[in-house]
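Take a look at the structure first, and then we'll walk through them.

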Amino acid sequence: MISFTIALVALVAGYLIYGKFIEKVFGPDDRPTPAVSKADGMDYIVLPSWKIFMIQFLNIAGTGPIFGAIMGAKFGPVAYLWIVFGCIFAGAVHDYMSGMLSIRNGGANLPDIIGKYLGKGPKQVMLIFSVFLLMMVGVVFVFSPAKILGGIWEPAFFTEHFGQYFFWIMVVFIYYIIATMLPIDKIIGKIYPLFAFSLIFMALALMVCLFVKMPDLPELWDGLGNRGDKMLDFHAPIFPVLFITIACGAISGFHATQSPLMARCVKSEKQARPIFYGAMITEGIVALIWATVAMYFFYDQPTPGYQVMAGGAEAVGDAPSVVSLICNDWLGVFGGILAMLGVVAAPITSGDTAFRSARLIIADFLHIEQKSLNRRLLVCIPMFAAAIALLVWQMADAKGFNTIWNWFGWSNQTLSVFTLWAITVYLVRQQKKYVVTLVPALFMTVVCSTFLLISNQAFGLTPDISYMGSLVVFVVAATWFFTWRQKLKSQNSSK
């Protein structure tokens with residue numbers, strides 16, 4: 001618990017100190033924001049800063065900092081290091097800078113930002129990549145809550161005639177269509193802050209329980225290899241698997257697709273640090289709490305939690321079940337309600353905003369205005385048809401869900417790589433301290449390339465060959481950047 005406390009203090013200090021430094025690097029000013037200059041009553045609407053923060057937090061969080069942290073806790077206390085350093089120096093910087101670039105570029109979506117700073121080719125790749133990622137988010141976050149709700153209750157008529165979970169899948173999709181097409185202040189602006197509060201309150205309640213129980217957990221100084229290999233038969237390599245497993249609690253490219261939604265609602269650039277950097281730090285705190293709760297579940301001495309809770313052994317590999325068991329055991333009936341919000345409402349809201357982001361990206365690319373209902377339908381109908389087809393494939397294939405989820409994790413972090421490189425190029429051109437994003441960009445480039453090389457779902461190479469290959473990727477990326485920077489510097493000096 002000492003490591004947890006230190007990590008918690010570090011995250012708060014990171015916001016107060018490094019967050020302020022990052023804000024100074026970018027330099028917000030008093031220019032009109034897109035919410036003011038492009039107000040349309042649909043997507044560009046000025047909202048109160050506290051409400052934007054809560055929506056931003058829920059948009060980027062969902063169940064990411066819960067499920068990812070639970071599975072990442074199997075790596076032991078090293079998960080604390082990634083959550084703290086990844087969140088402060090990579091994830092929060094990534095979210096703040098991408099949000100500010102969207103504001104500075106008229107509320108631009110991520111592919112447009114990538115295109116402006118990395119070129120037309122990367123823009124086209126990111127257009128397809130980001131839309132596909134958002135579709136995967138939507139599909140994953142349809143099936144998981146529908147499965148949980150179907151396990152509680154489902155009309156017999158639909159089960160008999162259309163199959164299991166069909167009723168709840170239909171309900172969730174209908175909600176997605178309605179919420180995606182309505183103005184952002186009608187549903188998202190009204191109920192999402194309540195769901196965000198529920199997630200935060202659940203995490204804080206569990207933190208109080210942790211300090212009351214004071215479980216005997218492994219500490220950082222016990223050794224980074226101190227994890228449950230013997231108990232859980234878990235042998236995944238820390239690098240790069242940990243950095244893919246814990247994404248939303250440290251750094252996530254998905255966040256850069258969500259930031260433009262709130263960038264279009266910010267009244268002043270000076271509100272951006274508490275909204276974007278602050279929401280990411282808050283997500284890091286949630287991930288830290290859940291990682292510690294999971295360590296109790298996996299490692300607590302003398303007997304780990306999963307051995308003393310009914311159904312615990314079966315829940316070791318199932319993060320939603322861990323959430324349900326812990327909340328019900330520690331927080332009672334009220335905790336069970338909060339758990340339901342965490343594993344049902346949160347993914348639904350993330351799926352909703354994922355489809356909304358996809359609609360806006362597609363509309364911007366095709367130059368289809370989104371103020372009129374007919375134009376929104378023009379984008380939404382084929383988008384949801386494709387999502388339904390992907391969902392049908394996922395349900396028909398026994399390994400479909402795991403396949404989509406695993407590729408979502410890698411795609412998520414790869415998206416952050418492109419975003420970090422685009423921000424770095426912007427900082428270089430503006431003659432600002434580009435090293436704040438260059439280091440995370442290089443690190444995440446190596447993480448994603450190593451995972452692609454070592455994963456059995458991709459090349460499946462041996463660790464030695466994979467690490468050597470990622471070293472080559474690092475050298476190529478660093479050489480490209482410094483060669484480009486020197487060329488740009490020469491061009492500027494010759495003018």
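Helices here are DSSP runs of H or I with at least four residues, strands are runs of E with at least two, and both are numbered from the N terminus. This is a predicted model, where local features need pLDDT of at least 70, side-chain atom pairs count only at pLDDT 80 or more, and totals for chains, interfaces and linings use all residues. Residues are numbered from 1 along each chain as its sequence is written, and side-chain values use heavy atoms, leaving out hydrogens and water.

So how confident is the predictor? Its score for each residue, pLDDT, runs from 0 to 100. The protein chain averages 86, and 94% of the residues score at least 70. Among the elements, helix H1 (residues 2-26) has the highest mean pLDDT, 97, while helix H11 (residues 229-232) has the lowest, 51. Where pLDDT is low, the predicted coordinates should not be read in detail.

Now for the backbone. Most residues other than glycine have a negative phi, and most peptide bonds are trans. These spots go the other way:

| Spot | Feature | Angle |
|---|---|---|
| Phe 239 to Pro 240 | cis peptide bond | omega near 10° |
| Gln 301 to Pro 302 | cis peptide bond | omega about 5° |
| His 367 | positive phi | near 60° |
| Gln 431 | positive phi | about 55° |

Where do they sit? Pro 240 belongs to helix H12 (residues 238-245), whereas Pro 302 is in the loop between helix H14 (272-299) and helix H15 (305-308). His 367 falls in the loop between helix H17 (319-366) and helix H18 (373-396), and Gln 431 in the loop between helix H19 (400-429) and helix H20 (435-454).

Buried means under 20% relative accessible area, exposed over 50%, and partly exposed in between (1.4 Å probe, protein chains only). His 367 is exposed, at 71%, and Gln 431 is exposed, at 71%.

Terms used
pLDDT = per-residue confidence, 0-100.
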